[in-house]
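Reader: I am new to this structure. Please show me how to read its features, one at a time.

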Amino acid sequence: MSAISVRLHRAFLDALNGHVLVHSDLNTKPLELDLALPLPQHLRLYLYSLVVGGKSRPDEFKAVLRVPGQIVGEYGTFDHSGGRLAVLAAYRDDLDVFVLWDASIHERFKHGGNMQVKYTVVAQAAATGWAEQRRPLRSGITEIVFACRSSFLPRAIANRVTWTGGVTA
């Protein structure tokens, strides 16, 4: 596992100070966490760096998706098993902003595929602590994306659960 993943995992755990009961090895991706109520008790965290969208997406940030064992050219999926809520998130440390998408509606993705969020949403979260984006998908579903500073991460997780439709036990 890379030093970047460990740094991202540490930032997530630090933001949840007082809510984390136990977590897996920071070198392991995805990170598994058990949280104190009222937060969801069992999470499986897929956390990525939030990077600038590039030439083709200058008004967006993105997270580049890869899961363990995924081979270039193959599709990957998030693991929702074992009563754990899969959480898809990205973090930009220079802005102290986390972004949370709905992993339950992104069932398959290409190795290196990406999730986007508007630049203005990230900037608003950096300035005020919180922002949301309604993101229409090709499937016809409108995804709610949450962006927040570290201090609002517990709220973002709670809202992600609400918009995802709850947690399996």
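Author: This is a predicted model. Start with an open space: the second largest pocket holds about 190 Å³.

Reader: Which residues line the second largest pocket?

Author: The general idea comes before the list. Rolling a probe the size of a water molecule over the atoms shows where empty space is left. Here, the second largest pocket is lined by S2, I4, S5, L8, K29, L47, Y48, S49, V51, V64 and R66.

Reader: How does the lining of the second largest pocket divide into nonpolar, polar and charged residues?

Author: That lining has 6 nonpolar, 3 polar and 2 charged residues.

Reader: What is the volume of the largest pocket?

Author: The largest pocket contains about 590 Å³ of space. Its lining counts 19 residues, and those closest to its centre are H106, N114, R135, L137 and R138.

Reader: Which elements supply at least two residues each to the lining of the largest pocket?

Author: They are β9 (109-110), β10 and β11 (130-136). Of the elements, β10 gives the most, with 3 residues. By class, the lining of the largest pocket has 8 nonpolar, 5 polar and 6 charged residues.

Reader: How many cavities of 30 Å³ or more are there in the whole structure?

Author: The search finds 1 cavity of that size. A cavity differs from a pocket in one step of reasoning: the probe fits inside but cannot get out. The volume of the largest cavity is about 30 Å³.

Reader: What lines the largest cavity?

Author: L85, A86, V87, D102, A103, S104, R160 and T164 do. At least two of the lining residues come from β7, and at least two from α3 (153-164). The largest share, 3 residues, belongs to β7. The lining of this cavity splits into 4 nonpolar, 2 polar and 2 charged residues.

Reader: Now a helix. How many residues does α1 have, and what distance does α1 reach?

Author: Helix α1 has 13 residues. From its first C-alpha to its last, α1 reaches 18 Å, close to the 18 Å expected at 1.5 Å a residue.

Reader: Which residues of α1 are buried?

Author: Again, the general idea leads. An α-helix has 3.6 residues a turn, so residues three or four places apart point the same way. In α1, the buried residues are S5, L8, H9, A11, F12, L13 and A15. The cover over them includes β1 (20-23), β2, β3 (42-49), β7, β8 (97-101) and α3.

Reader: Take A3. Is A3 buried or exposed?

Author: A3 is found in helix α1, which covers residues 3-15. A3 counts as exposed, because its relative accessibility is 64% and the cut-off for exposed is over 50%. The C-alpha atoms of A3 and L26 are separated by 9.7 Å, while the two residues are 23 residues apart along the chain.

Reader: Next, charges. How many salt bridges are there?

Author: Side chains of opposite charge can pair when their charged atoms come close. In this model the count comes to 13 salt bridges.

Reader: Where do the partners R84 and E32 lie?

Author: First, the pair itself: R84 and E32 form a salt bridge at 3.3 Å, N to O. R84 sits in the loop between β6 (75-76) and β7 (85-92), and E32 in strand β2 (residues 31-35), so their pairing ties together parts that are 52 residues apart in sequence. R84 is buried, at 15% relative accessible area. E32 is partly exposed, at 26%.

Reader: What does K118 pair with?

Author: One partner is D59, with the closest N and O atoms 3.4 Å apart. This pair links distant parts of the chain: K118 is in strand β10 (residues 114-118) and D59 in the loop between β4 (51-52) and β5 (60-64), 59 residues apart. K118 is partly exposed, with a relative accessible area of 31%. D59 is also partly exposed, at 41%.

Reader: Which residues do shared partners join into one network?

Author: Salt bridges that share partners join E32, D34, R44, D79 and R84.

Notes. Residues numbered from 1 in each chain as written. Predicted model: local features only at pLDDT ≥ 70, side-chain atom pairs only at ≥ 80, totals over all residues. Heavy atoms only, no water. Salt bridge = Lys/Arg side-chain N within 4 Å of Asp/Glu carboxyl O. Helix = DSSP H or I, 4+ residues; strand = E, 2+ residues; numbered from the N terminus. Buried < 20%, exposed > 50% of the residue type's maximum accessible area, 1.4 Å probe, protein only. 1 Å grid on protein atoms, 1.4 Å probe; cavity = no way out; pocket = protein on both sides within 12 Å on 5 of 7 lines; lining within 4 Å. Points joined across faces, edges and corners; volume = space filled by probe spheres on them. Nonpolar A, V, L, I, M, F, W, Y, C, P; charged D, E, K, R; others polar. Expected span 1.5 Å × (residues − 1). Contact = heavy atoms within 4.5 Å.
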